Every structure is written in C-alpha cells, then in structure tokens.
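These are my notebook entries on one structure. I set down each item that I looked up, together with the terms needed to read it.

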Amino acid sequence: MSRQTSRILTAISLIALFVFLRWAEGNLDPYLRRILNLIAINVIWAVTFNLIYGYTGQFSLGHAGFIAIGAYTTALLTLPLAQKEQNFFLTPLIWPLSNIHIPFLPSLILGALLAGIAGILIGIPSLQLRGDYMALVTLGFAEVIRVISMNLQSITNGSLGLKGIPGYTNLLWSWGCAAFTIFIVRMLANSSYGRAFKAIREDEIAAETMGVSIFYHKLMAFAIAALFAGLGGGLFANLISTIDPNVFTYILSYQVVTVVVLGGVGSITGNVLGSAIYVSLFELLRPFDQPMTFGSITIPGRPGLRMVMLSIIFLLVILFYRRGLMGSNEFSWRWLLSKFQPLFERARQEG
Amino acid sequence: MSLDMLLQHLANGISLGGLYALIAVGYTMVYGILRLINFAHGDIFMISAYMAFYGVALFALPWYASFLLTIPLAAILGMAVERVAYRPLRDAPRISALISAIGVSLLFQNFAVVVFGGRPKAFPRPALFALQWNIGRVRVLSLTFFIILISVAILAGVFYLVYRTKTGRAMRAVSWDFGIAGLMGININRTVSLTFAIGSALAAAGSIMWGMKFPQLLPLMGVVPGLKCFIAAVVGGIGSIPGAMLGGFLLGVGEIMIVAFFPELAGYKYAFAYLALILVLLWKPTGLLGKVAEEKA
C-alpha cells in the first residue's frame, strides 16, 4: 500500500468527519453535542500530556494550572461588558480588562499563548528535577495557580467564579482545535525534535552524549504542551460557560492522566480512544448515581458512585493492563487494511 | 506583637508541626523503602478520622476505645493498599506505581464521598482535651499540650524502633539496597508491609488529633495535609526520619507564624508550603538532613 493511497484515505476520512460535524451541529440534541465537545477537549489535553509523558518521559501533574490559565484568559476576553459588570459586583475588574471584548479566535490564541508562557516559566525550575519530584513540583505550581485565582478578586473574581461566558465552542471549533493539536504534535514527534524527545525518554545520559540538549528539548515539549492545554482550557470555558477555581483542582490533572493511561501512553490514537471512552463512561455510568429498579428490586443509587467505579476501572487498567488500549501503537491504514486482507484472500480463492 | 502572643502562636505552631511530623514520617519511610510518593497516605489519614468518628458515633464506643481501635485498623488498611496496588508494580517503572497511587487516592476519596457523604461531620472532642489552661499569661487549650506530648512520644517510639531494634535495622537495610537486603535473608515483603503498617498507624494517630483540633470531617480533608506533609518530608530530606520530623515542625511553626505576622497573606497560606518545597528542591534537592544518594535503577 503506497503512501499516496493512505494520504487519500486520510483526506477522505477528514472530509467525512467535517461533513459529520456539520450535520451533527444542526441535528444532534444538545446533550450529545456536549459529550462530543467534551471528548474533543479531552483529546487536546490527553495529546498534550502524551507529548510530555509519552514522548519525552517527564511526568507532569500540572495540567490543571495551564488549563486554568487558558480558560480564565479566554473567558475574560470573550465575556460581554455587561456580563462583566454583573459578575464583578464585589470587587470591580481592573481597568484594561473591564473594557475589552474581543472575538473568540483571538481570545483563544491569547489564552493559549499565556498558558505557553506560564509553561516556560514553570518548566524552567520544574524540569531541573526528575521523576516523581517533578510530578510533585508541577502539581504544586498548578495548585499555586489555583490559589492565586482564588485570591486575585479583581481579575478572576475569586471563588465566585465567572458566569455567563458566551458558548462559542461548537463541534467545529472543538474538533478543529483537536485535529490541529494532533497535527502539530504528530509533526513534532516525527521531526528531529521528536526523535530528541524520545531519546531523552529512553536514556537521558545517552541522549546528552549524542549532543541532544536535554533541558532545551524538555522545555520545548513542556511549553508546547502547556500552550495547547491552554487552548483546550479556553474551549472548555466557552463550553461550560461557568468557571470557578474549584474546577481546576489537581483532580482535573488526574483526569488527564487517567485518560492517557486508559488509551495507552505514547499513542495519539490511544489518546483519542481514551478520551472517547472516559467521557462516554462518565455519562453511561450516570444511572448509578440514581436509584435503579430491576423488576421489584430497587437498588439505591448514591451520588458519586460512578466516580468510584471509574477509579476502580482506572486502577484495574494500571495494575493488570498497563499498556492501555493501544500501548504505543498508532492507527494506520496499512494496519486496518491488513485486518481485511484475509477476507479478500478468501474471496479471491473462492472466486 | 507581645511576648505572650508570640508564645501562644509558638504553642499552636508546635502542635500543628507535631501532627505534620507524624504524617511526614509515614511518607518518608515509604519513600525511603520503595522510592514511591504514596499519594494514598493523605486518604488513609482521612479514612482513619472517619473510623474514629464512627466508632464513637455509630458503635457508641467510649472515645479512648474508638481512638485506640482506629490505629490498628489503619495499619491493616495501609498494608492492604500496599499488597493490592503497589506490590504487583514493584518491578514496573517507578512512574507506574505513582500512577497506581493516584488511582488509590482517587478511589478512597470517591469511596468516602459515597459512603460517608459530602456533608461535614463533627469530630468528638472529649472533655479532657477541651480544658483551658493558663500558663503564665498564655492561655492554651489542653489539647495543644496533649498533641505536643503525644506526638513527641510517638516520634520517640518510632526513632527507637527504627534505630535500636532488629526490625528497624531490617527496614534501614531494605531502604539502603533492596536487592542486597533480600540476599542477606531479610524478608523484604514483610519489611515493606511493616513499613506501610507503621506509616499508616502514624497517620491514624495524627488524624485523630487533627480531628480534635479541627473538628470537621470531609472526604477531601486528607488532601491538603497529605501534600503539605509530603512537602515537609522533602524539605527535611526525603528518606530521613529525623528530617521528616524537623520538616514537619518547621512547616507547622512557619505556617502559623506567617499568618500571625502577615495576616493579609492568609489567603495564600496554602501556597507557602509549595513555595518552600520549590525553593528547597532547587537550592538543596536532598533537603535539610538528606544524604546525597545515587538514584536507584
């Protein structure tokens, strides 16, 4: 199978996806659209985490912080002025922000850029450390960002949060951004930078001996991941339309880790599958939060039961199926067609 | 600030520090042996507090019986966590065990939300610990005094166990070199289990006193003390038991003093522990009392 064929197949499936999203935006009910949007946003987060952990081998628990920066920036820039006045009734919003209202795309870009800058600033100290120390320090920075957003009343409105953020995020925006993120991360992974990332993951000392600048490459992966995590944060804010500091606790970072572990560390295909499964499970398990009736037996549901089940699934995966769904394998047309090969062969023989 | 006020804050700080030290020792012992940040430690702390609460509230035990019963139960819980979630991953990359620890922590928190409910519960405070004592012109709650006394006594016991007994020597040997300790005939699995049991028992003792000091039980109450105490352990030098004690006391006193001297920064109190962590790790990664150790392969 030639490269050309697989490119054509990719193009066709992208167009099909686009057509489906256009159709879905108009025809599916809001609940399903919201789930699809959430899957796309989780894909963005998972792919960025994969860039840091799956490709470069650095375990970061700081995603919630970057997501928060992206979400707050985009939300503050897209909030209508009247809505801002309503939100900030305790402490007024500081001057330049109180008069700014710009379209969605530039707000998203600004949010992502700010998150990327935060990624550089946090990456410089954190990446000096290794393994679990780095995990802890990034977790710490994310929590510091949350504490700051809780206390900076005149910018973030503190624990009151921001309400009435316009719901600009639709399926085309979210899946478009997800596709763009996947494209960039994929390009990066296949470039010389990507090979340097993987060399660092496998053996830092050997990579350094080969002339790979460890710190520069780690920082690059970290900053790019932060940038796209911020992009996802912006989409998230304009999807759920209400944010407050408690949305961005370490639990959000854990969620990203869960998604990536489910799908398989080091595989973008796995990230997409992991996001789809996680978000769908989250919705499918919803009945467990309410009482259920089987015939004459009523099982009392308890709010939060689905979270217990999700964490048990997560633990089982990490204990017994550490590779996740995809391991580090990627989807390819060649692989898909090889599955159909036996069918063709049989047809030819019978024919 | 007057001297009396200063002494008052100091007493508060030392008692908080004693609690931090108890929990931090559990972290540092586990890290010393398995090189694992036991993210579930803070949640064992939380569950112990609930066990002590239900012992009194549901089973109508006298408070001392309930408190004393909680400690072995917590030790069993810690051993079970190690057996189920960490032992199968002992030969896996270190990050896998860390992810597993995150999973256990999530499970405990969600379990607590479902079983104990999200509404805060009021922890009992026996009359013995609610007395007001005047020492000079400083007014101290008897609880503050007892916390300092009990935590110092327990820490002394841990010190004795680790540095003066055969079991303690086995623990130190395993933390020094896993493989060689096994070759020398030390039962590694038993030693690791014992470490988890002791760490969890310390967390339980800490959580009971924490519950009396801050009598509000919530399913997520273990997270912040858990992280802070890990920070205390790192500040003191992870793997070093005296270091964890020192780190705990420093963090407790420092936290109280910062809020006492700069009340306007109270909202950022939580961020200070992290700043301390980041500064210590960047300036002296081995912590205050830690030794420079080769990373275990």
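Leaving aside neighbours within four places in sequence, which residues is B:Val25 in contact with? I found B:Leu155, B:Val158, B:Leu202, B:Ile241, B:Ala244 and B:Met245. Two residues are in contact if their C-beta atoms, placed from the backbone, lie within 7 Å.

**Entry 1: Conventions**

I noted that this is a predicted model, in which local features need pLDDT of at least 70 and side-chain atom pairs count only at pLDDT 80 or more, while totals for chains, interfaces and linings use all residues. Residues are numbered from 1 along each chain as its sequence is written, and chains are lettered from A and ligands numbered from 1 in the order in which they are written.

**Entry 2: The nonpolar core**

I returned to B:Val25, which is listed with B:Ala49, B:Ile231 and B:Leu277 as having the most contacts inside the largest nonpolar core. That core has 195 residues. A nonpolar core is a set of buried Ala, Val, Leu, Ile, Met, Phe, Trp, Tyr and Cys residues joined through C-beta atoms within 7 Å. A residue is buried if 20 or more other C-beta atoms lie within 10 Å of its own, exposed if 12 or fewer, and partly exposed in between. In soluble globular proteins, nonpolar side chains tend to be buried together.

**Entry 3: Chain A as a whole**

I counted 16 helices and 2 strands in chain A. Helices (H or I, at least four residues) and strands (E, at least two) are DSSP runs, numbered from the N terminus. The C-alpha trace spans about 80 × 70 × 40 Å along the principal axes of chain A. For 351 residues, a compact globule would have a radius of gyration near 20 Å, and the 22 Å of chain A agrees with this. The radius is taken over C-alpha atoms, and the globule rule is 2.2 Å times the number of residues to the power 0.38. Of the 351 residues of chain A, 46% count as buried. Among contacts in chain A with a separation of 6 or more, 81% come from residues 24 or more positions apart.

I checked the length of helix α1 (residues 3-27) of chain A: its 25 residues should span 36 Å, and its end C-alpha atoms are 36 Å apart, which agrees. The expected span is 1.5 Å times one less than the number of residues. The number of buried residues in α1(A) is 1, so this helix lies largely in the open.

B:Gly117 follows α4(B) and has a positive phi, near 85 degrees.

**Entry 4: Where the chains touch**

I found 31 residues of chain A in contact with 29 residues of chain B. On the chain A side, the elements that give two or more residues are α7 (131-151), α13 (250-263) and α15 (305-320). α7(A) gives the most, with 12 residues.

**Entry 5: Loop residues**

Most residues other than glycine have a negative phi. I therefore looked up A:Ser241, whose phi is positive, near 65 degrees, and which counts as partly exposed with 15 C-beta neighbours inside 10 Å. A:Ser241 lies in the loop between α12 (214-240) and α13 of chain A. B:Ala60 also has a positive phi, near 55 degrees. B:Ala60 is in the loop between α2 (41-57) and α3 (63-86) of chain B, and is exposed, with 8 other C-beta atoms within 10 Å.

Is B:Leu217 buried or exposed? I found B:Leu217 buried, with 22 C-beta neighbours inside 10 Å. B:Leu217 sits in the loop between α8 (188-213) and α9 of chain B. Beyond four places in sequence, the residues that B:Leu217 touches include B:Ala49, B:Tyr50 and B:Phe53. B:Leu217 and B:Gly118 are 99 residues apart along the chain, and their C-alpha atoms are separated by 9.3 Å.

B:Gly237, in the loop between α9 (223-236) and α10 (241-261) of chain B, is buried, with 24 other C-beta atoms within 10 Å. Not counting residues up to four places away, B:Gly237 touches residues including B:Gly243, B:Thr286 and B:Gly290.
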